[in-house]
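Colleague: Could you take a close look at the helix packing in this model and describe it pair by pair?

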Amino acid sequence: MWKDGNSSAGRGRSSSKIGLALAAGAPEGAIYEIGALRALDESLDGVDFNDLFIYVGVSAGAFLNANLANNLTTAQMCRAIVSHEPGEHPFSPEIFFTPGLGELARSTRKLPRLLREALWEYARNFRDKSFLDAMTRLGQALPVALFDNEPIRHYLEKIWSIKNRTDDFRRLGKRLVVVATDLDSAQAARFGEPGLDHIPISRAVQASSALPGLYPPVEIEGRHYVDGVLLKTLHASVALEAGAELLLCINPIVPVDTVNAVESGLMKRSNLLDRGLPTVLSQTFRTIVHSRLAVGMAAYERRYGDRDVVLVQPRRDDYKMFFTNIFGLAERRDVCSHAYQATRRTLLDRYDELAPLFARHDVTLRRDVLLEPRDLWEQVALPKRAHRISGHETVRQLDDVLARLERMVGPSPPAPLPQAGEG
């Protein structure tokens, strides 16, 4: 039976300190995480996803964990993918893809000065330096981002300022850590911890999701911050260092294995190169991030042998997660439902392994729930007509905007190569 809010409500609560670490993952990754969260919420007795010991998030994961800490339920987040929630601040997709005109203007203003300096440098050193070498100075005039992320911050600020929510870490009553990367020091910044807990949550999430190339670095008190995934995939160590005894981790970033893709009818040839540069870069980024996560998880097992860490992520042969274009309403709905069902299957397949692990923390993994055929949208009380509204003008506008974005940047835009060795 569906329950809005906490699916574990009224079924007891674990005595253990339970944490949740959510990774980055671009738009499709966020949708995967929402579906996976809903599957976990339904199948785990003793876990209240709106009242955990600690929440740690990076980029899209930071946004979702901030929602949970602000008492938005997994059901609400599922419904928000395909419909407008009554009483919520209206979602306007344009804010996420606002052209970075300000950045373009700043870059353009630099160009005359840089050109003069380049020509003067060439005139003074033409015997030792080629004209092209001198012109490399003009690279400083290139815009650092395609889109403006200030509208995103304003949107987050609004949704966390209604219905008794808060944009202030100190007023949450829960421990939320949003991880970004200090651009100049290449060190992690843990917003929400003492010394950085006065920064608004919306500003911290904006910084944590500032993927270089897509969004500009976010200036906070004289420092510049970018996406936290540059350093680690999950930053799960933040929760373990804080004392989490059971840590649930969701990572949507895995590389695809194309060995069986031809047999599945998804590829004519088992060759990602045929799909062009965006696919090659996506596979490269996913491979680096996933291999680093594996190393990190092994390190956690050695360092925190007395803790339990459960990682949920797509299978390597989950072609739907890699090849599906989620820039349309139907595709977003399908990916969320796919993640929900895939997570349920994973939990059932691993039942003999996971049930005793969860039991150590007074958490029950419910086999009966996993065996029961379920439809995600029925479970979150969304009428079928509500998630089949692609003909509605607002949804058409959303699809148009996202389709234009896909044509510009391709699927899963890559980030700069992260450092190896940690998850």
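Modeller: A crossing counts as right-handed when the near helix is turned clockwise from the far one by less than a right angle, and as left-handed when it is turned anticlockwise. The model is predicted, so local features require pLDDT of at least 70 and side-chain atom pairs pLDDT 80 or more, while totals for chains, interfaces and linings use all residues. Residues are numbered from 1 along each chain as its sequence is written, and side-chain values use heavy atoms, without hydrogens or water.

Helix 6 (residues 150–159) and helix 7 (residues 201–208), both DSSP runs of H or I with at least four residues, cross in the right-handed sense. Their axes, lines fitted to C-alpha atoms over the stretch in contact, with angles from 0 to 180 degrees between N-to-C directions, come within 8 Å and cross at roughly 140°. E150, R153, L156 and E157 of helix 6 are in contact (heavy atoms within 4.5 Å) with S202, R203, V205 and Q206 of helix 7. These residues comprise two nonpolar, two polar and four charged.

Helix 1 (residues 26–43) passes helix 3 (residues 74–82) with the axes within 9 Å and at roughly 145°, and this crossing is left-handed. From helix 1, I31, I34, L37, R38 and D41 meet T74, A75, M77, C78 and I81 of helix 3. Here the division is seven nonpolar, one polar and two charged.

Helix 3 is largely enclosed by the rest of the structure, because eight of its nine residues are buried, that is, under 20% relative accessible area with a 1.4 Å probe, protein chains only. The buried residues are T74, A75, Q76, M77, C78, R79, I81 and V82.

How values were computed: Helices (H or I, at least four residues) and strands (E, at least two) are DSSP runs, numbered from the N terminus. Ala, Val, Leu, Ile, Met, Phe, Trp, Tyr, Cys and Pro count as nonpolar, Asp, Glu, Lys and Arg as charged, and the others, Gly among them, as polar. Buried means under 20% relative accessible area, exposed over 50%, partly exposed in between (1.4 Å probe, protein chains only).
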